[in-house]
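This report is meant to be read with the sequence and the coordinates side by side. It moves from the chain as a whole to selected elements and residues.

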Amino acid sequence: MKMRKRLRRESTICSCKSPRLENQNSRCSIKGYEVDLWTEVAKFLDGKSLVKLATTCRWFHSVIMHDSVWKFACLRDLQVPAPCHVAFKWIKLYGSLADGSHSYKFRDNEKHIDWMRIGAFFFDSQVALLSETLSLPLKIINKDNVEKALESSGACVLSNIKKGIWIADLQLVRCPVCELDTCEGTMQTLEVRNMDLFLCDGYQNASWDYELIGSYKINKSVDAASGGIFDLKHIKDRAMAGVFNLKSWAGKPSDMQPKAMITFHSVAIRTNLQENQGLLTKYYTMRAGPEGEVVSIRISQQLA
C-alpha cells in the first residue's frame with residue numbers, strides 16, 4: 001500500500017527536453033562560446049590536425065579555415081615575429097612551408113642529394129651581411145662593389161633585401177663541375193628565401209633565377225666550410241654574439257656532421273672538414289625581376 005502511494009505521487013514519464021529540440025531554428029545555442037573555445041583548441045594543433053578537423057563539418061570548416069588560425073600556426077611553428085604585410089593567405093603560406101618543398105624540387109632535382117630545414121628568421125631591414133668567416137667584422141665592408149668585397153674577404157654587404165620572414169635550408173648537391181655519375185664530389189649550400197617565394201608567379205614560371213654575384217677562394221687547407229647571413233641592423237644584438245661563438249654550437253673538430261645556428265635575425269652553418277687543398281665559396285642572389293628586391297640568397301661551398 002505504501003508503495004502504491006509513493007508511485008502515485010511521482011510525476012509521469014516524459015521525453016527529454018534537449019536544448020537542440022527547444023531551439024531548432026538555431027544551429028547551436030552556444031555557438032559564440034564554441035567559436036572561442038575551438039579557436040583556442042586550434043592553437044595546439046599542427047597543420048594536418050587542423051585540416052582533419054576542418055573536414056568534419058561545415059561549422060568546423062568555417063572556424064578552422066579562418067586566416068587568423070593559420071597565421072597563428074605559421075608564427076608559432078616558425079617562432080618569428082609577425083610581418084606587417086604578406087602577399088598571400090596564411091593557409092597557403094603554411095602549406096608551402098609544411099609540404100616538404102625545397103628549391104631543388106622545382107629545379108636541378110637530378111643534382112640534389114639531401115636537405116635539412118634549419119628554421120626561420122626575420123629581415124627587419126633591407127641590408128644584409130654575407131660572410132664566409134663566422135667572426136664579427138671589425139668594420140662594415142664597402143657595399144658599393146659587392147664582387148670585389150667577396151673576392152678579397154669572402155664577405156659583403158647586400159642591399160634591397162625584401163623585408164619579412166625568411167626560411168633557411170641547408171642543401172647538399174652533387175659536384176657541379178663534372179657530369180660523371182661516378183663522381184662522389186658534393187657541395188653544401190646555405191639557402192635562404194623570403195617566405196612568399198614559392199607562391200610567386202616569377203618563381204613558378206622560372207623568370208626569376210639565381211645570379212652569381214661573386215666568389216671567394218682559399219688555396220690552402222681549411223678546417224671547416226662555413227657561411228652566415230645577417231640582418232645588418234641587428235649585427236650588434238646580444239643574440240647575434242652566439243652565432244660568432246663557435247664553441248657553443250659548431251661541434252668538435254672530429255665531428256663532420258653539418259651544424260647550423262639560427263637567431264631572430266641571422267642564420268649560419270659550419271661543417272668541419274678533413275685535410276684538403278682549399279675551398280671555393282660562391283654567392284648567388286635571386287631578385288623579383290631585373291631591378292626587384294632580393295628574395296633569395298645562396299652561399300655554396302665546394303672543395304677546391
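Predicted model: local features only at pLDDT ≥ 70, side-chain atom pairs only at ≥ 80, totals over all residues.

**The chain as a whole**

The protein chain holds 11 helices and 11 strands, and 42% of its 304 residues count as buried. Among contacts between residues at least 6 apart in sequence, 71% join residues at least 24 apart. The chain exposes about 18,300 Å², and carbon and sulfur atoms supply 53% of that area.

An unreviewed UniProt entry places the feature "domain: F-box" at residues 38-76. In the model, the chain over residues 38-76 is 77% helix and 0% strand, with the end C-alpha atoms 17 Å apart.

**Strands β6, β10 and β11**

Strand β10 (residues 279-287) pairs with strand β6 (residues 210-218) in the antiparallel sense, over eight bridges, and β10 is also joined to strand β11 (residues 294-303), again antiparallel, by nine bridges. The strands β10 and β11 form a hairpin with six residues between them, and in the turn Gly 289 has a positive phi of about 100°.

**Helix α9 and what covers it**

Which residues of helix α9 (residues 146-153) are buried? They are Val 146, Ala 149 and Leu 150, and, seen down the axis of α9, the buried residues fall within an arc of 95°, so they line one face of the helix.

At the start of α9, a side-chain oxygen of Asn 145 reaches to within 3.4 Å of the backbone nitrogen of Glu 147, and just after α9, Gly 154 takes a positive phi of about 75°.

Ser 226 is found in strand β7 (residues 224-231), and Ser 226 counts as buried because its relative accessibility is 4%, against a cut-off of under 20%. A polar atom of the Ser 226 side chain lies 2.9 Å from the backbone oxygen of Glu 132. Not counting residues up to four places away in sequence, Ser 226 touches Glu 132, Leu 134, Gln 188, Ile 269, Arg 270 and Gln 301.

| Residue | Phi | Loop | Relative accessibility |
|---|---|---|---|
| Gln 79 | about 60° | between α6 (67-78) and α7 (90-98) | 60% |
| Asn 160 | about 60° | between β3 and β4 (164-174) | 28% |

Gln 79 is exposed at a relative accessible area of 60%, whereas Asn 160, at 28%, counts as partly exposed.

Definitions and conventions: Residues numbered from 1 in each chain as written. Heavy atoms only, no water. Pairing = 2+ DSSP bridges. Helix = DSSP H or I, 4+ residues; strand = E, 2+ residues; numbered from the N terminus. Buried < 20%, exposed > 50% of the residue type's maximum accessible area, 1.4 Å probe, protein only. Arc of directions from axis to C-beta. Polar contact = N/O pair within 3.5 Å; in protein donor to acceptor, adjacent residues only side chain to side chain. Contact = heavy atoms within 4.5 Å. Areas by Shrake-Rupley, 256 points an atom, 1.4 Å probe, with all protein chains shown as cover. UniProt positions renumbered as here; feature names shortened; annotations may be inferred.
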